[in-house]
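Hi,

Here's the structure I promised to pass on. Have a look at it first, and then read on for what turned up.

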Amino acid sequence: MVSVTRAVFGDLPLGAGTVEKFQLQSDQLRVDIISWGCTITALEVKDRQGRASDVVLGFDELEGYLQKQPYFGAVVGRVANRIAKGTFTLDGKEYKLAINNGPNSLHGGVKGFDKVLWTPRVLSNGVEFSRVSPDGEEGYPGELKVWVTYTLDGGELVVNYRAQASQTTPVNLTNHSYFNLAGQGSPNIYDHEVTIEADAFLPVDEVLIPTGEIASVQGTAFDLRKPVELGKHLQEFHVNGFDHNFCLKGSKEKRFCARVHHAGSGRVLEVYTTQPGVQFYTGNFLDGTLKGKSGAGYPKHSGFCLETQSWPDAVNQPHFPPVLLKPGEEYDHTTWFKFSVA
């Protein structure tokens, strides 16, 4: 059984609307999601002693989400991740996007899907959010109708993304939750054991755009096919952290993507997806300046993201899995976050 309750979370400035919070609860999980950016604001999971902790980074109040902050818990789009130089060409026409991350466009631009109010609809086991992204929003071509649905099933949070376009446009939707299985506010994720089911990854240049090479993980820091303890692994390979796309087996079927185990609490997160890639990000740009829930500071490496996605800059790299959605087609992807204890 899943219960769904709705409440007011806060009001946007200048009478721009009311943000609502939807609480989904099963016997194993409690998830809070707000209509601003379809943002997961809390996710409570029990440890092996049966004690529940909130395992996602975020803020207590709406104001926190309205300030400049690193996409905590939000759905990002129209195109998640980076597009080189914020430009791409479609049918001979060049499109110029907002540049908001060094020389590149990141996560949909200056006002992406994370910074808009969505229209909610309560379901028996979750909530569906919808919006229409107008033609030309942030420089993207065509109108895009989008639906994001969160449902709970026992220990599993299921996120489905659907979209329909009025003209050909790139689309890449993901959720940008930062997890810490020891509980949000814990100082780091070094004691987390990580597995990613990927034989290849995408090397990046100095501004984090894929070079175009699809590189084998064999013998590199990116070989996470067997579990590694994150802190030791980063030290051993002298890497500052991860912010890379891992290439998953290509098919539209549900497949295992990643597993993270926190030995101290026993909490396990497994991710399954229909997407061709996952960006593993270890919170390298967190710097402790933002005050999070219950006054927590979020320093570097205090949370990790597993952003299931199409590959970064795919719109400019023809040998990457296609990212264009044409009129009459439907974008339809699902990601499963399955929590348990071990």
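Which residues does His176 touch, not counting residues up to four places away in sequence? Keep in mind that this is a predicted model. His176 touches Pro70, Tyr71, Phe72, Gly73, Ala74 and Val76, and also His107, Tyr281, Cys305 and Glu307. His176 sits in the loop between β16 (174–175) and β17, and it counts as buried because its relative accessibility is 3% and the cut-off for buried is under 20%.

Why start there? The unreviewed UniProt entry has an "active site" annotation that covers His176 and Glu307. The two are spread over 132 residues of sequence, yet they cluster in space, with a largest C-alpha distance of 6.1 Å. Both His176 and Glu307 are included in the lining of the largest pocket.

Glu307 belongs to strand β25 (residues 305–309) and is buried too, with a relative accessible area of 2%. Leaving aside neighbours within four places in sequence, Glu307 is in contact with His107, Thr174, Asn175, His176, Gly277, Val278, Gln279 and Tyr281. The side chains of Glu307 and His176 are joined by a polar contact of 3.4 Å.

On to the rings. Searching the whole structure gives 23 aromatic pairs. One of them is Phe179 with Phe304, a tilted pair at 5.7 Å centre to centre with 35° between the planes. Phe179 is in the loop between β16 and β17, while Phe304 is in the loop between β24 (277–281) and β25, so this pair ties together parts that are 125 residues apart in sequence. Phe179 counts as buried at 3% relative accessibility, and Phe304 does at 2%.

Phe179 also pairs with Phe337: the ring centres are 5.8 Å apart and the planes are at 45°, so that pair is tilted. Phe337 lies in strand β27 (residues 331–341) and Phe179 in its loop between β16 and β17, so here the parts tied together are 158 residues apart in sequence. Phe337 is buried, as is Phe179.

There is an aromatic cluster as well, formed by Phe9, Phe59, Tyr65, Phe72, Tyr178, Tyr281, Phe285 and Tyr298.

Now the charged side chains. The count comes to 15 salt bridges. Among them is Lys249 with Asp199, at 3.1 Å from N to O. Lys249 lies in the loop between β21 (243–247) and β22 (255–262), and Asp199 in the loop between β17 (192–196) and β18 (200–201), so the pair ties together parts that are 50 residues apart in sequence. Lys249 is partly exposed at 45% relative accessible area, and Asp199 is partly exposed at 37%. Lys249 and Asp199 are also linked with Asp223 and Arg225 in a network of salt bridges.

Two other bridges to look up:

- Asp47 and Arg51 have their closest N and O atoms 3.2 Å apart. Asp47 is buried, with a relative accessible area of 9%, whereas Arg51 is exposed at 52%.
- Lys232 and Glu229 meet at 3.7 Å, N to O. Lys232 is exposed, with a relative accessible area of 54%, and Glu229 counts as partly exposed at 35%.

Over to you!

Technical notes. Residues numbered from 1 in each chain as written. Predicted model: local features only at pLDDT ≥ 70, side-chain atom pairs only at ≥ 80, totals over all residues. Heavy atoms only, no water. Salt bridge = Lys/Arg side-chain N within 4 Å of Asp/Glu carboxyl O. Buried < 20%, exposed > 50% of the residue type's maximum accessible area, 1.4 Å probe, protein only. Helix = DSSP H or I, 4+ residues; strand = E, 2+ residues; numbered from the N terminus. UniProt positions renumbered as here; feature names shortened; annotations may be inferred. 1 Å grid on protein atoms, 1.4 Å probe; cavity = no way out; pocket = protein on both sides within 12 Å on 5 of 7 lines; lining within 4 Å. Contact = heavy atoms within 4.5 Å. Polar contact = N/O pair within 3.5 Å; in protein donor to acceptor, adjacent residues only side chain to side chain. Phe/Tyr/Trp six-rings, centres within 6.5 Å; stacked < 30°, edge-to-face > 60°.
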